[in-house]
Structure formats: structure tokens, C-alpha cells
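Hello,

Here is the structure I promised to hand over. My notes on it follow below.

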Amino acid sequence: MRVAMVCYPALGGSGVVATELAYKLACRGHEVHLVSSEPPFRLGSCLPALHFHEVVPPDYPVFRYRPYESALAGRLVHLARQGLDLIHVHYAIPHAVSALLAQWALTESLQKKVPFVTTLHGTDTVLVSEDPDLYPIVEVALKASEAVTAVSKALAQESQRRFGLSESPLVIPNFVDTRRFSPAQRKAELRAAYASPEEVLFVHASNFRPIKQTPWLVELFGQVLEAGVPARLLMIGDGPERPICERKGRELGIADRLTFAGSHQDIAPLLSLGDVFVLGSRYESFGLAALEAMACGVPVVAPSVGGLPELVSPQAGLLYPPGDQEQALQAILRVLSDLPAYRQGARETALRYEADAIVPMYEQLYHQTLASVATM
Ligand code: GMT
């Protein structure tokens, strides 16, 4: 199949999933055109069948904002004229809207319907589209998509309810390369740079946006230290609330126990150093970083929000009521009391999400979608 894969390039799970899906599909013999505003950060070695297309909308003095949606739609039209079977967009806003526009243009000019599949990643439907100007156009684009998928059951249900979709989006969970994210990555010499063998090393990875509640996580870590656990916290990633976390660490007098590692293209070597992966998010449609940690054999302590209860099995870690620091602390202490079993449970749970098990679900959906368009 010839597929255009549209995504955001910056640090974020949806771009990672789209890029890795594009890569895996190209490995499986498909021609894949990855389309984004700049090279996605995990776009590593390129394959002959994987092509990257950068969309840079023109600037002009009249524009307050560059017309990205229109330029993206135009690029999809160009690609389809050269031969595309299907467009797959990740994150509905604005990608599904651009795909719809491209489809309309192609049906007018080519008399050919190029179907598009929309994958919802969470904040596109449960947060950003609450904006009254965005809602109606996202609704139209979702209803016009030949197929809609969601990365968890919770997100599928919530999106169906919010947009009054006649069918629930198909649930295709995110996936992980369990060879790259593996306990084998854990290197004692590297761990020594962040914690001593007697200390518990907590890890967190995110884009430090408010929804991740990272300052709250620093407070929680302060509670862990107060409970007498010799520990350090390694925070991976970057974003707007990182300076707030740094300040909070100083205010609580625990700055020397925190390390901010910044953004890394390959986080597996750092994640695998952890003993427990912690999340404090207000919402998480799936929790890709938690899955990557689990694949490294690192158990997860996370709030019971969104898709996290589907991902974090009782063997892989523990959940706590969102915002409840006392329960979160108790969950951490319970995991620490049985760490070897949780480590094994985390890895075993992650193996269910191996890319080779999930990517064929997208292939099957593409085939079904093409078949349904052909019979229209
Ligand atoms: O975090 C976002 O606002 C968007 C998105 C992204 O691009 O990173 O994250 C979402 O998609 C990931 C991949 O499916 C999920 O693992 C994250 O849980 C989800 N983030 C939220 O729901 C907050």
C-alpha cells in the first residue's frame, strides 16, 4: 500500500507512534510518506520505502499565522496525484481537517476518493476540541473519516460520547519495540551517575506540560524522602513546567536529589536505570512513556485516569486516585516491598504491546478501509 502518515514532529507520544508506525510499515513492504512540519524527533535511519515530506507554509506580511492546515492539505493533494492509497492522520487537530480538505479537492479534480483514517491520541478530543470554534470542524472531520481509531478503550468511549459518533472508534493500543526498550539496557556504570546501589531511583519522562502535573510529582517525591526511603528522582524530557519543578525542588530542600536530564532522542538507556516509573498526570489517554518504562522492566505507579488502568496491569505496578499524594506514597511503598516481582510483571505486560502484534492491526484496518471505499 502507499500510505501518507501525518503527525506532529515535536516531543510527544503521537509523533513517536506515527513515526514508528511509518518505519514498521516501510519495513513490511509498504511505501510510506511521513508528512510533518519538520523531521519527527524519533525519525532515525531511513529506509528506501520511507519518505519524509516537510510542510513549511509560506509567510506573507498579511498573515498573522502561517496557513499550515491549507499547506498540509495541498501537500496531501500533490502526494495523492503521484499515487496514494490512503492517508493516516495522527491527532485530529488540525490533521483530520486538512485530510478532509485534501479528500474533497481530490474527489473534485481526480474523481477519486482517497480515504483517510484518523487516530485519536487524547487531548485532541478530550481537551483541545472543547474550544467552541474547533469543536464543529473536528466533529465534521471525525464523522467524515473512513475510520477512526483510539489508543485506549477509555479514549474511544469518551470520544464517541463527546462527538456523538455512530460507532465507537476502533481501539488500537500503542506499541513498543521490546528489543530496544529492554532490561538489558540497564547499565550499572550509567546508573552510578544518578544513584548509588542502595538508593531507589525513580524515573519520570514527559513534556512537562501542565497536564502532566510534574511539580506535584516533585512534591510526592519529597513525601517519599520524608517516609525514610533513600531515593533520587531522574526527570527526563523538557517543557514549560520544568523550571517550576526545579524551583519546587529548591523550596523543598531536595534539589540535590533531583536530576533533570533534558530531552534525549533515545530514552531507553535512561528509563531502564529506574526502579519505579512515576506519573502524576491529570489525564493520560494511554501513557506511552509508562509502556516504554515497563518494557525496560521498570514498574509504574500512576494515577487511575484515562487509559492508564488498561495499561498498568496489577502485575506491572499500582494505580492511585488522581491527586491523592497519600495513596500514591502507599502505592510506591507497596511496589518497593516487592520490586523483583513487579519488575518481571512490568516486562511481561509490555510484551503484549510488542510492535509486531499491533502494527498488523493497522494494516488490516487499511485493507478494510480500501475495500469499503472500492465498493462505494
Ligand atoms: O499529550 C498530548 O497532549 C498529546 C499527545 C502527544 O502527542 O504526545 O499525547 C497523547 O498521546 C500519546 C500517544 O498516543 C499518549 O501516550 C499520551 O497518553 C497522550 N497524552 C495525554 O493524553 C495527555
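Asp 275 is buried, at a relative accessible area of 7%. Buried here means under 20% relative accessible area, exposed means over 50%, and partly exposed lies in between (1.4 Å probe, protein chains only). Its partner Arg 191 forms a salt bridge with Asp 275, with the closest N and O atoms 2.6 Å apart. The two sit in distant parts of the chain, 84 residues apart. Arg 191 lies in helix 7 (residues 188–191), and Asp 275 is in the loop between helix 10 (268–271) and strand 11 (276–278). Arg 191 also counts as buried, at 9% relative accessibility.

Some ground rules before the rest. This is a predicted model, where local features need pLDDT of at least 70, side-chain atom pairs count only at pLDDT 80 or more, and totals for chains, interfaces and linings use all residues. Residues are numbered from 1 along each chain as its sequence is written, and side-chain values use heavy atoms, with hydrogens and water left out. Helices (H or I, at least four residues) and strands (E, at least two) are DSSP runs, numbered from the N terminus.

Salt bridges next. The rule is a side-chain nitrogen of Lys or Arg within 4 Å of a carboxyl oxygen of Asp or Glu. The count by this rule is 22 salt bridges.

Lys 113 and Glu 146 form one of them, at 3.2 Å from N to O. This pair also links distant parts of the chain, 33 residues apart. Lys 113 is in the loop between helix 3 (92–110) and strand 5 (116–120); Glu 146 is in the loop between helix 5 (134–144) and strand 6 (147–150). Both ends are partly exposed: Lys 113 has a relative accessible area of 34%, and Glu 146 has 24%.

Lys 212 and Glu 284 meet in a salt bridge at 2.8 Å, N to O. They are 72 residues apart. Both are buried. There is a network too: salt bridges with shared partners join Glu 130, Glu 158, Arg 161 and Arg 162.

One more site: Thr 178. Thr 178 sits in the loop between strand 7 (170–171) and helix 7. Thr 178 is buried, at 7% relative accessible area. Its side chain makes a polar contact with the side chain of Glu 354, at 2.3 Å. A polar contact is a pair of N or O atoms within 3.5 Å; within protein, one must be able to donate a hydrogen and the other to accept it, and residues adjacent in sequence count only if both atoms are side-chain atoms.

Best wishes
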